[in-house]
Amino acid sequence: MKLFINGEERQLEVTTVSTLVEQLGMKADRVAVELNREIVPRADWPKTALRDGDKLEIVHFVGGGLCLVPYVRPRSGSPTRLGSLG
């Protein structure tokens with residue numbers, strides 16, 4: 001089936017989000033998946049079917065390293081970003 005993963009067209013034989021993550025060789029505990037602009041909770045991956053033409057964004061979290069950005073408590077109600085000082 002044809003899927004668009006992070007903007008790139010790919011031909012894969014997968015049936016669910018869970019099998020996709022596995023086939024891509026990613027560790028499930030370090031990945032977040034968005035399917036057609038909706039976040040898919042990890043618990044739902046095995047039952048979330050994929051269809052030809054689906055658009056996915058997959059974010060792989062990487063740990064380690066040294067963070068040089070100081071921690072700043074966000075203002076209440078304001079969205080925060082890593083490194084935001086405001």
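## The nonpolar core

In this predicted model, the largest nonpolar core is made up of 15 residues. Those with the most contacts inside the core are Leu3, Ile5, Leu20, Val33, Trp45, Leu50 and Leu56. Four elements each supply at least two residues of this core: strand 1 (2-5), helix 1 (17-23), strand 3 (31-35) and strand 5 (55-60).

## The chain as a whole

The protein chain contains 1 helix and 5 strands. Their order along the sequence is β-β-α-β-β-β. The chain has 86 residues, and 21% of them count as buried.

Among contacts with a separation of 6 or more, 50% are between residues 24 or more positions apart. The accessible surface of the chain is about 6700 Å², and carbon and sulfur atoms account for 52% of that surface.

## Val33 and Val21

Which residues does Val33 contact, leaving aside its neighbours within four places in sequence? They are Val17, Val21, Glu38, Ile39, Val40, Trp45, Leu56, Glu57 and Ile58.

One of these contacts, Val21, lies in helix 1. Val21 and Val33 are 12 residues apart in sequence, and their C-alpha atoms are 8.9 Å apart in space. Val21 counts as buried because its relative accessibility is 2%, and the cut-off for buried is under 20%. Not counting residues up to four places away in sequence, Val21 touches Met26, Ala28, Val33 and Trp45.

## Pairing of strand 3

How many bridges join strand 3 to strand 5? There are 5, and the two strands run antiparallel. Strand 3 also pairs with strand 4 (residues 38-40), in the antiparallel sense, over 3 bridges. Glu34 has a bridge partner in each of these strands: Glu57 in strand 5 and Ile39 in strand 4. Both partners, Glu57 and Ile39, are also among the contacts of Val33.

Strand 3 and strand 4 form a hairpin with 2 residues between the strands. In this hairpin, Asn36 takes a positive phi near 50 degrees.

Methods:
Residues numbered from 1 in each chain as written. Predicted model: local features only at pLDDT ≥ 70, side-chain atom pairs only at ≥ 80, totals over all residues. Heavy atoms only, no water. Buried < 20%, exposed > 50% of the residue type's maximum accessible area, 1.4 Å probe, protein only. Contact = heavy atoms within 4.5 Å. Areas by Shrake-Rupley, 256 points an atom, 1.4 Å probe, with all protein chains shown as cover. Core = buried A, V, L, I, M, F, W, Y, C linked by side-chain atoms within 4.5 Å. Pairing = 2+ DSSP bridges.
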